[in-house]
Amino acid sequence: MDSSQLLGITTFTYLFSTILYAVIFIFRAKKLGTATTIFTLVAFLIQTAGLALRWQESYQMGIGHAPLTNMYESVVFFAWTIILIYLLIEWKFKTKIIGAFAVPFAFLAMAYASNSGINTEINPLIPALQSNWLIAHVVTCFIGYAAFAIAAGLGFMYLIKNMSASRQTTDDSTLIGSLPSLKVIDDITHKTMVFGFLWLSLGIISGAVWANSAWGTYWSWDPKETWSLITWFIYAITLHARYTRGWGGVRIAWLSIVGFVSVIFTYYGVNFLLSGLHSYGSS
Amino acid sequence: MNKKNPAWAFFASVKLALFTLFVLAVTSIIGTVIPQKEPASVYAEKYGANMAQLIDVLDIADMYASWWFLALLGLLSANLIICSIDRFPGVWKQIKADNLSTPVDRIRKMGRRESWQVEGSINDTATRLAADLGSKGWNPEQLEKDGGILLFGQKGAWSRTGVYIVHLSILVIFVGAIFGSLLGFKGGAMIAETKQVDSIHTFDTQESIDLGFTVRCDSFGIEFYPNGMPKDYRSVLTVLENGKEIQTTPIEVNEPLTYKGITFYQSSYQGYSDFLVKLTSEKSGAEKTFIVPYQQKTLWAEENIKFAVAQARAAGQTVSAMKILFSVGDNEPTSFWLDAGGTATLEGEAGNYLLHGKQLYATGLQVAKDPGVWIVYFGCTMMLLGLCVAFFMSHRRIWLFIEDDNGASNILLAGSANKNRTGFEKSFEVLKQDLQQS
C-alpha cells in the first residue's frame, strides 16, 4: 500500500461521502446521519494516513519534506483541511445538512488532484523552499482557505433557502425547510469567516516573515502576496459591514462567495495566469 | 475635536473605511496584471502609445509606490486614527463605567433576566451570593440601594479594546515600513570567488552604499539532485574590518548572514569561463590560488610550475570536468581530466603537489538593511492578539439585585454581553442554576 493508492481511495470515499450527505439532505434521511459522519471520519483518517505515508516516502527517497510543496500536494491538503474543519463545524453546531454544501469541495479538490494531469510525483525541495517556515505558512493559509470554502458553501445554502417559498420554515416537510433557519446559517457563515480571517492573517504574516528570511523583503507586492491582501481586504470589508453597519443575510452570503472566488484566484489563478516569485505551486 | 464638524465625521466614518478598503482591493489588481517596474518602452510596445502614456501619468509601472496608491494608504491611516479617536472615549467609558449606579428599573428590563426567592435575610443572601460569584471569577462589587442590595460583576471588560488594538497594529506596521524605507536599503552585489567588496548598489537608485566593512566571497558552489533540480546554492563569506578577518560564515537560501544590521542573502550566481585553481606543495606547505582563463598557460614562479586548463566539459553554464596540463620545471607536461571541484595529487621532483580545480563563479547576494522590520513584526503580533481578543472575547456583565420580601430574599439576576450573545445565553443559564442551588 503506498500513499498514491490511499489518496486515490480518498477521492472515491469523499465522493461517496458527498452522496451520503446529499441523500441526507434531499431525502431527509436523518437515520443515515451517524453512519455518514463515521464514514467521513474514516475517509478523513485514510487521507491522513495517505499524507503521512507520502511524507515518509519522501524520507525513503532521501529528500524528506512535508507533503506541502507543489500544486498536487497543496490541493490534497486543501481537501484534508476542508474535511477537518467541516467535521469540527458538524460537531460544534450539531447539524449534518451543511455536509451537502461543504464536503463536495473536498471531493472536487481530490478529483482535480487525481485527474487533471498535474504532476503527482514527490519532488525534492528547491533551495527557496528549504525552510522551517514552509509548514507554518502552508498550514495556516490552507486552514484559512478551507474555512472560506465552507463559508461560501454556507452562503450558497443561505441564498437557496432565501429564494424558496419555505424560507421561514425549519421543519422537514419540504426540502428547503429541512435546512437550518436563515438566522442560524447566517451565524455559522459569519463565525466560519471570522475563523478563516484569523488564519489568513496568520498565513500572510508567516509568509512575510519567511520572505524576509529568504530574500530580505517581507513584502514585495508580488502577485501572490497582492492577491492574498486583496482577499484579506474583501473579508475585512465583510466583517466591518457586519459589525458596524449591521449587514447580514443575503449581502453577507454573497460576500462569502465573492471572497471565496478571490481565494481561488489567490490560490490557483495567480499560479497559472500571472507570473511572480511564488511560482512553486504551478508545477 | 468637534464631533459635529463634517470633515471630522467624514474621516471618522466606517463608510469611508469600507470605501477605502474596496478601492484598495480593486486597484491592487492592476499591478498584478500589468507587469511592474519594466522600462517605458515595454509598455508602449505591449499596450500602445496612448495606454503607455496613461501608465506613465498614473505611475502604473510602479503602482504600489505611486502617489495615488500611497495617498489611498494615507487615507486609510487617517481614517483609522480619526475613527479610533472618535470612538475610543466611549469605549473607555464602558470599560470604566460604575455599573453599580445602573438604575434598578433598567436591570429589571434587561433582556437576560431571571428571578427567584430564597429563605433568609438579604444580608445573608448577599454575602453568600457574593462569595459564590467571587469563586466563579466575577469579582462582585456591592452597594445598598433602593431598599435592597445590588451586586455587580463583570468579565472581559478589556476585550472592548481588541478592535482598537487591531487598528493600531496596522498603523504600527505602516510606521515600521516607513522607518525601514527611510533608514534602510535594499541592494545587491555580485562577488566573484576570492574577490571582495566594501560597497553595494541599491536596487531602486543604483546608488552605491558603503558597508563600513568588507565582504569576501571565499567560495560558491551548487549542488544538484539526481534529477537535475538545484539542491543547494551555498557561498562562504568572510567579513573583514581593516583587513582583519572577523568571521567566516557559509550562507544559503533561507540562511543569510547578518553583520552590523546588514543582511546578506544568497540570491543568484554567475558562472564564468575562467577557472579557479589552488595549488599546494605538500613539502613546503606553500599554497596559492589562481584565477585561470580558459586555455591560457599560467606560471607559479616560486615553485616553477606551469599549468593550464586545456579543455572543459560543460552542461549549459556548468562545467563538470576539465582537462589540466601540468608541468614542473622543464619536464614534459602531464595531462589529465579532473572533475570540477576535485583534487589531484601530482608528482614533482621536490615532492608532491595537490591541485584543486573548479569553474570560477560569482555569488549574487541580495543585501538589505531594514531597521523597521522589528516594528513591523511587533505590529503583526499586535494584530493577531487584537484579532483574537476582538473575535473570541466579549465583555460580560451581570447584576444581582436582592430585595427583602417579609424576611425572605427576592433575587433578580440580569446580564448582558457585547458579543457572542448565544454563547452568553448558555453561560447565563448555567450561572443561574448554580446560584439557585447554592
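This is a predicted model: local features need pLDDT of at least 70, side-chain atom pairs count only at pLDDT 80 or more; totals for chains, interfaces and linings use all residues.
A:Glu73 sits in helix 3 of chain A and A:Arg54 in helix 2 of chain A, so the pair ties together parts that are 19 residues apart in sequence. Both ends are tucked away: A:Glu73 is buried, at 3% relative accessible area, and A:Arg54 is buried too, at 5%.

A:Phe44 and A:Trp80 make a stacked aromatic pair, with 5.1 Å between centres and 25° between planes. Since A:Phe44 belongs to helix 2 (residues 33–60) of chain A and A:Trp80 to helix 3 (residues 71–93) of chain A, the pair ties together parts 36 residues apart in sequence. A:Phe44 and A:Trp80 are both buried. They belong to one aromatic cluster, whose members include A:Phe77, A:Phe142 and A:Tyr267. Elsewhere in chain A, A:Arg251 lies over the face of A:Trp247, 4.4 Å from the ring centre.

Now hop over to chain B. Here the side chains of B:Glu403 and B:Arg108 form a salt bridge at 3.3 Å, N to O. B:Glu403 counts as partly exposed at 26% relative accessibility, and B:Arg108 is partly exposed at 36%.

Chain B has a charge over a ring as well: B:Arg313 lies over the face of B:Trp337, 4.1 Å from the ring centre. Finally, B:Glu114, B:Glu429 and B:Lys432 are linked in a network of salt bridges.

Technical notes
Residues are numbered from 1 along each chain as its sequence is written. Chains are lettered from A and ligands numbered from 1 in the order in which they are written. Side-chain values use heavy atoms; hydrogens and water are left out. Rings of Phe, Tyr and Trp (its six-membered ring) pair if their centres lie within 6.5 Å; planes under 30 degrees apart count as stacked, over 60 as edge-to-face and the rest as tilted. Helices (H or I, at least four residues) and strands (E, at least two) are DSSP runs, numbered from the N terminus. Buried means under 20% relative accessible area, exposed over 50%, partly exposed in between (1.4 Å probe, protein chains only). A charge sits over a ring if NZ of Lys or CZ of Arg is within 6 Å of the ring centre and within 35 degrees of the ring normal. A salt bridge is a side-chain nitrogen of Lys or Arg within 4 Å of a carboxyl oxygen of Asp or Glu.
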